[in-house]
Amino acid sequence: MKILIGVGVGYILTLLLLPFFIYLLQETGAVRPNFRQESIPVSIGLVLVVVYLLAAFLLLQWFSAEAVLTFLLAVLFFALLGLIDDLLGSRDSRGLKGHFGALFQGRLTTGALKALGGGLGALFLSLLLLKSQPWWEILTAALLIALAANTINLMDLRPGRAIKVFYLWFIILLAVYWSKMPLVLLSPIAGGLLALFPVDLKAKGMLGDTGSNLMGAALGLACAWTMPFTAQLILVGFLLLLHLFTEKYSLTEIIENNSLLRFLDNLGRAK
């Protein structure tokens, strides 16, 4: 019941606030060309920061301030890293290899800043979350949070794709760990994405790294908080392999060449 309430609150708040954020982004020139080269507002995922801040007042009635503030910190910090990349980022360097290659040449890109900041932020969150646990569990949780944030980022190359992956991940977590408290803490974001989904699918606005970073970090934090250590290790291994794979191959090309994946990817998308 708490999860449903959290989803409902996130949905209603996002529905109310989203038009104001779209107007703000358009008026301040925060627009970018999408994959069709159409200029649309970027960073509409920023609305989820305010939504979560408001939803935190409700969550504080159910959970400790430490639990709610840990989740809120993750949302704020990873959204900020994404916003920096959205507004200041250059697309000259791509992928982790490209960004760290530029860094070794003495050039700090926003992508490298996001990766380094995300790693440090994930480690800090893991220390808050698992301060009494062995170092290897803290490190594994940090890797999980950082990799999850970048995984959703990797998916956000076509309208609706990142949100679909978020919900697939969220539903699997619900099916296995439905009674766990961190999933309630994640629920306002899940509800907010329901309201953002039509805008994203119709390519009327981009989540941006702001939204995808926030979504992934929240998912990773929920997993680190909920899953047993062995399951976390397996998930970290899978995400590492996915990152290595995407450094060499294009996910979009693979999806386009597979009829089932192409159908699911295009489902609901404006043509």
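This is a predicted model: local features need pLDDT of at least 70, side-chain atom pairs count only at pLDDT 80 or more; totals for chains, interfaces and linings use all residues.
**Entry 1: F166 and the core**

Leaving out residues up to four places away in sequence, I find F166 touching I152, L186, I189, A190, L193, M215 and L219. I then asked which residues have the most contacts inside the largest nonpolar core. They are F166, W169, L186, I189, L193 and L196. That core has 73 residues. Its largest share comes from α6, which supplies ten residues. I note the general background: in soluble globular proteins, nonpolar side chains tend to be buried together.

**Entry 2: α6 against α10**

Next I followed α6 to a helix it packs on. Helix α10 spans residues 229–248. I read an angle of about 40° between α6 and α10, with their axes 9 Å apart. Are the two helices parallel or oblique? They are oblique to each other, because angles under 35 degrees count as roughly parallel and the perpendicular range is 65 to 115. The crossing of α6 and α10 is left-handed.

I listed the residues that make the contact. On the α6 side they include W136, T140, L143, L144, L147, T151 and M155. On the α10 side they include F229, L233, V236, L239, L240, H243 and T246.

**Entry 3: salt bridges**

How many salt bridges does the structure hold? I count two. In general, side chains of opposite charge can pair when their charged atoms come close.

I took E66 and K131 first. Their closest N and O atoms are 2.9 Å apart. E66 lies in helix α3, residues 65–88. K131 sits in the loop between α5 (110–129) and α6 (135–155), so this pair ties together parts that are 65 residues apart in sequence. E66 is partly exposed, with a relative accessible area of 48%. K131 is exposed, at 58%.

Then I went to D265 and R161. The closest N and O atoms of this salt bridge are 2.9 Å apart. D265 is in helix α12 (residues 259–266) and R161 in helix α7 (residues 161–177). The pair links distant parts of the chain, 104 residues apart. Is D265 buried or exposed? D265 is buried, with a relative accessible area of 5%. R161 is buried as well, at 4%; the cut-off for buried is under 20%.

I also checked what else D265 meets. Neighbours within four places in sequence set aside, D265 is in contact with R161, K164 and I255.

**Entry 4: positive phi**

Last, I looked up backbone angles. Most residues other than glycine have a negative phi. I noted two residues with positive values.

S43 has a positive phi of about 70° although it is not a glycine. Where is S43 placed? It is in the loop between β2 (39–41) and α2 (47–59). S43 is buried, with a relative accessible area of 0%.

A203 is not a glycine either, and its phi is near 55°. A203 is placed in the loop between α8 (181–201) and α9 (208–226). I find A203 buried, with a relative accessible area of 7%.

Notes. Residues are numbered from 1 along each chain as its sequence is written. Side-chain values use heavy atoms; hydrogens and water are left out. A salt bridge is a side-chain nitrogen of Lys or Arg within 4 Å of a carboxyl oxygen of Asp or Glu. Helices (H or I, at least four residues) and strands (E, at least two) are DSSP runs, numbered from the N terminus. Buried means under 20% relative accessible area, exposed over 50%, partly exposed in between (1.4 Å probe, protein chains only). Contact means heavy atoms within 4.5 Å. A nonpolar core is a set of buried Ala, Val, Leu, Ile, Met, Phe, Trp, Tyr and Cys residues joined through side-chain atoms within 4.5 Å. Axes are lines fitted to C-alpha atoms, for helices over the stretch in contact, and angles run from 0 to 180 degrees between N-to-C directions. Angles under 35 degrees count as roughly parallel, over 145 as roughly antiparallel, 65 to 115 as roughly perpendicular and the rest as oblique. A crossing is left-handed if the near helix is turned anticlockwise from the far one by less than a right angle, and right-handed if clockwise.
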